[in-house]
Amino acid sequence: MSVQAAPIATTSTARRALGRLAWTLVPAAPFVIVTLIWIMATGILNPSKETLPPVTDVLASIKELALSGQLATNVVASLYRLLLGSILGIVTGLIGGVIVGLNRKLAESLNPVVVFFNAISGIVWLPLMITWLGIGNALAVFLIWNTVFFIVFQNAALGVQLVPEVYEQGVRALGGGRWQTMRSVILPGALPYILTGIRTGLGFGWRALIAAELVGAATGLGTMIFDAAEYHRSDIIVAGCLIIGVIAIVMDRWLLLPIERRTVRRWGLVADTEKE
Amino acid sequence: MDAAANAEKIAVSGFRHFFDTEDGPVQATGVVDLKIRAGEFVTLVGPSGCGKTTLLKAMAGFIRPTEGTIHCDGKLVTKPGRERGVVFQELAILPWRTVRRNIGHGLEIAGVPKVEREEKVTRLIDLIGLGGFEDRYPHELSGGMRQRVAVARTWAADPDVILMDEPFAAVDAMTRLTLQEELGRLCVATRKTVFFITHSVDEAVFLGDRVLVMTRRPGTIKAEIDIPRRAAGGRDWESFTTDVEMQGIAERVLKLVRAERGLTPAEEARAAAGAGA
Ligand SMILES: Nc1ncnc2c1ncn2[C@@H]1O[C@H](COP(=O)(O)OP(=O)(O)OP(=O)(O)O)[C@@H](O)[C@H]1O
Ligand SMILES: [Mg+2]
């Protein structure tokens with residue numbers, strides 16, 4: 001690099017840093033807007049607290065829940081179920097999806113049963129399972145597993161099928177066997193779909209969790225919301241929803257997004273907006 | 001020449017291929033018979049879609065011939081093997097491996113120790129002029145750079161036979177000249193047997209010991225032109241372009257190829273006008 005180029009480089013670096021800062025703030029905008037509308041709506045329309053609690057009430061109840069230790073208990077109970085069910089769903093979905101993705105005949109013969117159980121996956125099982133598994137962790141974990149499994153399974157199978165055949169041929173011409181092509185072609189090649197499956201699966205996993213807790217658990221965020229509804233405490237209901245949403249964002253940003261950045265985006269398999 | 005050099009490396013006999021499609025079978029090639037001696041550099045030119053890639057993939061072991069057989073070292077080819085390296089038209093280098101790890105992949109599969117592997121890979125990276133790009137991923141390279149990585153990856157695995165499908169098509173003209181000279185020199189030095197598909201007549205004549213010309217689809221080999229052997233290592237563009245004999249051969253091959261290419265409407269009109277005049 002020549003000396004003359006330095007000032008130009010600094011300006012553009014500074015501008016780029018500013019631009020990057022702006023872009024990190026943009027995702028927060030919708031939340032700010034909704035909060036403002038919420039504040040204005042409660043201020044102008046003055047609805048009953050049961051219809052729409054003011055922001056301050058919700059914040060107060062979050063603080064109260066946190067101090068009493070209820071919040072921690074419920075979050076831990078919910079996260080435990082969610083993670084256990086999701087991990088089971090991801091592992092079984094991946095194994096099944098990759099096997100089916102590699103085998104066109106198997107995929108075709110399994111198609112009807114997949115369509116059948118996919119249509120009734122997740123919370124549809126609730127009424128039946130509550131009599132089989134009773135109230136508690138097993139019920140929630142089953143529903144989450146069942147939900148996550150099908151989403152991960154279908155994405156993984158599709159991802160495997162879409163890996164260009166010539167990549168596999170390239171590795172086989174280098175002397176690679178089945179295990180080599182699996183490890184260095186099929187799995188990384190299917191990763192964009194696998195990650196999409198995991199992200200989507202987790203989102204749906206939350207719904208299954210809350211549904212299971214609404215009816216079939218003694219603790220958890222779903223239970224907390226359901227109990228609050230009985231006592232007409234809409235501030236706690238809204239607080240519960242906020243907490244669920246925040247945990248979901250945290251998991252996505254700090255768990256899944258970094259994995260995606262370091263893999264499929266780094267490899268240029270999906271568009272990366274932060275490319276220099 | 002000794003016996004080993006004269007030995008038949010690849011024998012294609014009575015090869016013909018049809019692809020099964022939704023609309024029934026599609027004939028990709030006519031009957032092809034072809035023998036390639038060990039250490040020979042055979043180039044193939046022919047119009048687009050005439051079946052060049054199909055023939056190459058069958059030699060590689062990825063396509064089971066509808067008719068005929070392919071032998072390598074006297075053994076029937078039924079599947080790919082590391083003794084037959086392939087540079088694919090679509091390149092096939094892996095997007096999730098860096099330049100270094102792509103080129104070293106064959107050695108990694110063969111279980112070559114890391115130090116030795118890195119040494120060889122570094123030497124190849126220098127040779128193809130990609131120093132400084134070792135840790136880049138393919139999507140960060142230009143088309144020509146990717147092609148060089150693909151050739152280096154196949155070369156690094158040290159196969160006896162190298163099957164190349166238009167490996168330099170996207171390389172810039174200047175780099176291409178260097179790569180062609182380098183490839184010609186290395187192939188003679190290491191006595192590789194090479195089957196090389198190209199659209200460039202000059203490239204085919206420059207590199208080949210023998211040039212094959214295919215007819216349009218379904219392609220058969222309509223002409224074989226032996227290129228007089230130059231002194232080992234003596235392939236360079238300067239002497240090639242001033243060599244009257246070579247230029248004569250190139251012209252002959254060009255005529256053969258052009259006869260196979262369908263005429264464009266403008267050319268047809270011109271030909272008709274010429275006939276009328
Ligand atoms: N998988 C396939 N299924 C059906 N038809 C195919 C398939 N692969 C190739 N063909 C057809 O076979 C013919 C020969 O194809 P091939 O790829 O061998 O041509 P080529 O000579 O390599 O052409 P190019 O110079 O454009 O690469 C073409 O008409 C093509 O449409
Ligand atoms: Mg081709």
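Predicted model: local features only at pLDDT ≥ 70, side-chain atom pairs only at ≥ 80, totals over all residues.
With a relative accessibility of 47%, Glu90(B) counts as partly exposed. Apart from neighbours within four places in sequence, the contacts of Glu90(B) are Val166(A) and Lys57(B). Glu90(B) and Gln147(B) are separated by 57 residues in sequence, and their C-alpha atoms lie 9.1 Å apart.

Thr53(B), at 22% relative accessibility, counts as partly exposed. Gln89(B) is likewise assigned as partly exposed, its relative accessibility being 36%.

Thr29(B) occupies the loop between β3 (24–27) and β4 (32–37) of chain B. Because its relative accessibility is 0%, Thr29(B) counts as buried. A polar atom of the Thr29(B) side chain lies 3.1 Å from the backbone nitrogen of His17(B). Residues up to four places away in sequence being set aside, Thr29(B) touches Phe15(B), Arg16(B), His17(B), Cys50(B), Gly51(B), Thr54(B), Pro218(B) and Gly219(B).

The largest nonpolar core comprises 82 residues, of which Trp206(A), Leu221(A), Val12(B), Leu34(B), Leu55(B), Met59(B) and Phe195(B) touch the most other members. Helix α9 (residues 178–216) of chain A makes the greatest contribution to this core, with 13 residues. A second, separate core contains 49 residues, including Leu130(B), Leu141(B), Val201(B) and Val253(B). Leu34(B), one of the residues touching the most other members of the largest core, is in contact with Ile10(B), Ala11(B), Val12(B), Leu55(B), Phe195(B), Arg210(B), Leu212(B) and Ile221(B), when residues up to four places away in sequence are not counted.

In chain A, helix α2 (residues 29–45) has 17 residues and, at 1.5 Å a residue, should span 24 Å; the distance between its end C-alpha atoms is 24 Å, in agreement with this expectation. The residue that follows α2(A) is Asn46(A), which has a positive phi, near 50°.

Notes: Residues numbered from 1 in each chain as written. Chains lettered and ligands numbered in written order. Heavy atoms only, no water. Helix = DSSP H or I, 4+ residues; strand = E, 2+ residues; numbered from the N terminus. Buried < 20%, exposed > 50% of the residue type's maximum accessible area, 1.4 Å probe, protein only. Polar contact = N/O pair within 3.5 Å; in protein donor to acceptor, adjacent residues only side chain to side chain. Contact = heavy atoms within 4.5 Å. Expected span 1.5 Å × (residues − 1). Core = buried A, V, L, I, M, F, W, Y, C linked by side-chain atoms within 4.5 Å.
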